[in-house]
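Please keep the sequence and the structure in view while reading.

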Amino acid sequence: MAETSLPATPESAAAAAPRGRAYNARTLPGFATVAICAFVIIYAPIIILVVFSFNAGTTLAIWEGFSLRWYAQAAANEQVQGAAIRSLYLAGSAATIATVAATMAALATTRTRRFPGRTMIYALINQPLMVPEIVTAVALLIVFAWVKVATGHNSMIYLIAAHTAFCIPFAYLPIRARLETMDMTLEVAASDLYASKKQVFTKITLPLLMPGIIAGYMLAFVISLDDVVITEFVKSAGQDTLPTYMLGQLRRVVTPEVNAISTVILLAGAILVSLFFWFSRGRE
Amino acid sequence: MSDATASPTAPGELEAEALRQDHRTRWLMSLPAIAIILCAAAGPLMVMVVYSFLAPGDYGNVKWEFSTEGWVSVLLQRDIFDGTLAWADAHLSIFWRSLSLSLITTVVTLLIGVPTAWFIATRPDGKREFWLFLITVPFWTNLLVRTIAIQELIRAEGVINLILLKIGLIQEPIQMMFTNFAIGFGMSYVYLPLMVLPVYAAVEKLDFRLVEAAHDLYASRWKAFRLIILPLIKPGVIAGSILVFIPSLGAYVTPRVLGGGKNLMFGNLIELQFGQGRNWPLGAALSLTLMVAVMIALIFYVRATSRETHNG
Amino acid sequence: MDMSTPVSEAAEAQVAIDVDRVSKIFPGEDAVRALDDVSVGIRRNEFFTLLGPSGCGKTTLLRIIAGFEPPTMGALRLDGTDISRLAPDQRPINTVFQNYALFPHMSVARNIGFGLEMLGKPKREVNETVDRMLKLVQMEALKSRKTSALSGGQQQRVALARALAPHPRVLLLDEPLSALDLKLRKEMQIELKRLQSETGITFIFVTHDQEEALTMSDRIAVMRDGRILQIGSPRDIYQRPAERFVANFIGESNFLDATLSAGHVTLKAGGGAFAVTAPPGVADGPVSVLVRPEHAAVRAGSPAGDELPATIRNVVYSGDATTIHLELGSGELFKAKMSNSTGGGATLPSQGEPAVVTIAPGAVTVLKD
């Protein structure tokens with residue numbers, strides 16, 4: 001006992017408590033500072049981008065007063081209009097198809113014992129997440145180039161197919177998570193109370209699953225809206241989306257118009273993500 | 001009694017039929033998702049394997065004859081005159097840039113991400129969600145937009161140079177765009193949330209009484225961190241590192257915008273073969289090489305995360 | 001072994017649920033035989049309890065009756081009609097689930113009305129029944145609450161009302177009281193008994209709590225390892241358990257070595273011969289007998305007549321009673337439980353001292369194993 005009497009070394013004395021502050025196992029020296037800096041670094045560039053989208057001048061660095069001219073210019077730009085509509089149309093179609101397919105797949109692959117082929121279905125559904133986008137993009141370029149020549153068909157269908165494919169795993173995740181936390185006895189209880197299979201699904205399963213489905217849809221929508229790489233390689237001439245249009249613009253002189261479009265995209269994304277949080281947590 | 005027990009159902013018949021029916025339904029319901037992914041993701045990857053063994057066409061695309069030249073060209077180049085093979089230095093330097101910048105990005109995000117994750121996880125219950133939300137929002141915001149934001153920051157006429165010039169620290173703007181630094185900085189910026197989230201999950205599960213126990217047994221803060229905290233959150237740290245490393249290795253947008261035409265990374269080299277390079281088989285072979293590299297990293301990821309669930 | 005009690009013609013006509021040689025094997029590598037050739041007839045308007053430790057197959061049997069699991073072998077009849085092939089929603093049988101399984105997105109009233117709604121009953125009838133049920137379980141005030149805002153006991157009542165609302169022919173209850181605290185549990189035991197007699201519905205109740213089973217049931221089936229060991233009234237099961245397992249599972253027990261000969265047993269520990277009715281299949285010779293602790297009395301002094309010599313090991317006071325742990329002359333350990341109201345505990349000899357044990361006449365039961 002005598003040996004462990006009092007902290008003798010300076011090292012162990014330091015462990016007692018940092019001077020002037022109450023002991024707390026949860027604080028580590030310097031960590032909070034780094035973290036605050038990290039948040040500043042994360043948000044500062046975005047804020048600067050947003051601020052300069054309201055710049056009256058043509059430069060990106062010198063503030064010349066508040067103006068909405070770049071928003072007006074972007075809104076009047078027919079290319080931007082087309083790209084914006086195309087982006088929304090693409091994200092809407094891909095997210096819708098992906099959510100329906102993902103919901104069915106999630107219902108099929110959860111809440112069951114292992115069945116033949118389940119691992120394969122899992123692997124396939126998650127496959128788009130595991131391959132770098134650029135690899136999928138060039139693979140699609142190869143195949144779709146061939147199909148386009150063979151069929152002479154050049155519509156948005158290729159983009160919709162490609163987007164749907166990589167949206168499926170994102171839609172699948174929250175739906176599956178929701179299903180797995182759902183109490184299976186509720187459905188059993190409903191069938192015990194004379195609900196047919198169809199009634200069990202429409203009255204119990206679907207309403208309880210809805211937050212997951214909406215969250216999955218939001219996620220798929222955002223992912224599709226944000227995609228650059230696959231769109232860049234799959235699109236035919238005149239099928240620019242907002243991100244690929246901006247990527248093209250970056251090669252030329254950059255004006256605050258890009259900032260204005262970016263700000264709108266940021267805003268749309270932030271709203272969707274907030275909604276996603278709302279729905280994925282929304283139990284009550 | 002025995003007449004009645006001449007059982008109306010053969011042994012196990014009901015169960016077996018129900019099970020068969022169940023599996024059939026489950027497969028049918030998975031079919032749309034599987035079909036779409038096979039057509040527009042997994043299938044094309046298979047086709048690409050075939051293309052990597054064909055000869056390049058004169059104006060892009062391929063000629064339908066067997067050739068291993070695409071795979072050979074990944075690492076080697078053939079002399080135009082005597083046909084001898086030598087190391088493809090251009091490719092090797094691009095591979096090296098990809099690998100080193102990915103590793104640097106991983107280390108940078110690690111150094112910033114671990115304290116950030118710790119900070120979020122140790123907030124009081126009500127406030128934690130707010131900080132978590134703050135780190136998640138950029139994760140879901142457009143990657144291109146975030147890259148553009150970095151570009152604005154580090155351009156010759158960008159905010160950083162402007163400030164440095166104003167305070168007289170420099171006379172000439174520093175050329176930061178189109179350098180390896182720009183790529184590393186940009187990737188660290190865009191992939192930071194990928195590090196924070198898994199580390200956060202690990203720290204959140206940490207039993208802080210263990211840290212108190214370490215301090216009780218005379219460990220300094222640093223020693224408690226190194227000997228107790230770090231080993232316990234290691235699976236999360238490994239998971240985060242691999243989650244940052246994988247997209248860095250396959251990055252395309254960030255190096256294209258911030259690296260320019262000279263500082264190519266793996267992804268841009270692949271693109272080149274389908275653009276100016278007009279060597280689709282090489283592009284296919286390069287793509288498959290990148291895919292294999294990512295798969296190897298993924299195996300490590302799966303191992304790290306499964307160990308996490310075993311320990312947890 | 002034929003455990004099903006022989007039923008008379010009249011009793012057979014009364015059978016509501018007839019479980020006929022049902023077996024259940026769960027598929028998989030380690031195929032488990034959850035039910036092994038179980039037969040039981042549950043009578044109309046009976047409070048029938050399936051009692052056993054976890055994993056004994058009682059819940060599996062309940063789920064087969066409800067239709068959530070198909071039987072691997074055997075037949076299931078409701079009032080003489082085979083229902084083994086019917087889906088749960090086609091059986092006039094309702095279940096009260098262990099975790100209640102109340103629909104979280106519906107109000108109390110909609111939960112209770114759900115079954116009738118699914119049966120396509122007119123709105124007015126549904127509403128009337130819901131109101132009646134709310135009254136029956138004394139929950140009128142909480143009609144339009146969300147179920148997640150209810151306490152455990154309230155959820156319990158809603159679950160009961162929901163299962164009773166369609167007026168099923170049989171009500172299945174899967175350990176419905178296990179999530180409640182002791183006081184509430186006692187209340188609900190009485191409440192359940194009241195509901196059963198008021199509605200006249202056959203109740204099949206699953207529990208692992210022997211006290212609950214004894215308090216509420218008309219008959220109890222004790223299960224173990226997928227088999228029914230004994231079926232009988234609570235009195236039968238407690239006083240005349242057929243096997244050591246049943247005796248051990250229900251109440252406290254002393255197992256003693258003895259010799260059976262011509263309707264009498266002689267304990268190895270001494271104390272004369274006890275008249276017994278040996279269960280069928282038990283031959284004369286060495287047997288195992290059961291003596292309940294409360295059927296034995298302890299006093300200081302030396303043995304006389306049918307009394308057993310013993311040494312006191314330990315005396316444990318527990319409020320209403322005192323339990324005395326003794327070592328008998330044969331070296332066997334013995335527990336005696338004496339009510340404190342009779343003052344029996346007050347004059348006890350203390351630890352290590354010799355004592356005398358008296359076993360009440362008729363308190364010795366010969367076990368079958």
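Seven residue pairs are in polar contact across the interface of chain A and chain C, both residues of each pair being at pLDDT 80 or more. A polar contact is a pair of N or O atoms within 3.5 Å; within protein, one must be able to donate a hydrogen and the other to accept it, and residues adjacent in sequence count only if both atoms are side-chain atoms. On the side of chain A that touches chain C, the elements giving two or more residues are α8 (184-192) and α9 (197-226) of chain A. Of the elements on this side, α8(A) gives the most, with seven residues. Helices are DSSP runs of H or I with at least four residues and strands are runs of E with at least two, numbered from the N terminus. By residue class, this side of chain A has 10 nonpolar, four polar and five charged residues. Ala, Val, Leu, Ile, Met, Phe, Trp, Tyr, Cys and Pro count as nonpolar, Asp, Glu, Lys and Arg as charged, and the others, Gly among them, as polar.

The model is predicted: local features need pLDDT of at least 70 and side-chain atom pairs count only at pLDDT 80 or more, while totals for chains, interfaces and linings use all residues. Residues are numbered from 1 along each chain as its sequence is written, chains are lettered from A and ligands numbered from 1 in the order in which they are written, and side-chain values use heavy atoms, with hydrogens and water left out.

In the contact between these two chains (heavy atoms within 4.5 Å), chain A takes part with 19 residues and chain C with 28 residues. The area buried between chain A and chain C is about 2000 Å², with 63% of it on carbon and sulfur atoms. Buried area is the accessible area (1.4 Å probe) that two parts lose on being put together, summed over both. One salt bridge is counted between chain A and chain C; the term stands for a side-chain nitrogen of Lys or Arg within 4 Å of a carboxyl oxygen of Asp or Glu. Lys203(A) and Glu117(C) form a salt bridge, with 3.2 Å between the closest N and O atoms.

Next comes the contact of chain A with chain B. It involves 92 residues from chain A and 82 residues from chain B. These chains bury about 8000 Å² between them, and carbon and sulfur atoms give 77% of that area. Arg26(A), Phe39(A) and Ile142(A) supply 9% of what chain A buries against chain B, more than any other three residues. Here too the count is one salt bridge. Glu232(A) forms a salt bridge with Arg256(B), the closest N and O atoms being 3.5 Å apart. Helix α2 (residues 31-52) of chain A contributes the largest share of the side that touches chain B, 15 residues. That side of chain A divides into 71 nonpolar, 14 polar and seven charged residues.

Chain C also holds an open sheet of four strands in the order β2-β1-β4-β5, with antiparallel pairing. β2 (32-43) and β5 (81-82) of chain C each have a single partner strand and stand at the edges, so one side of each lacks a neighbour in the sheet. Strands pair if DSSP finds at least two bridges between them; β1 (residues 15-26) of chain C and β2(C) pair over eight bridges.
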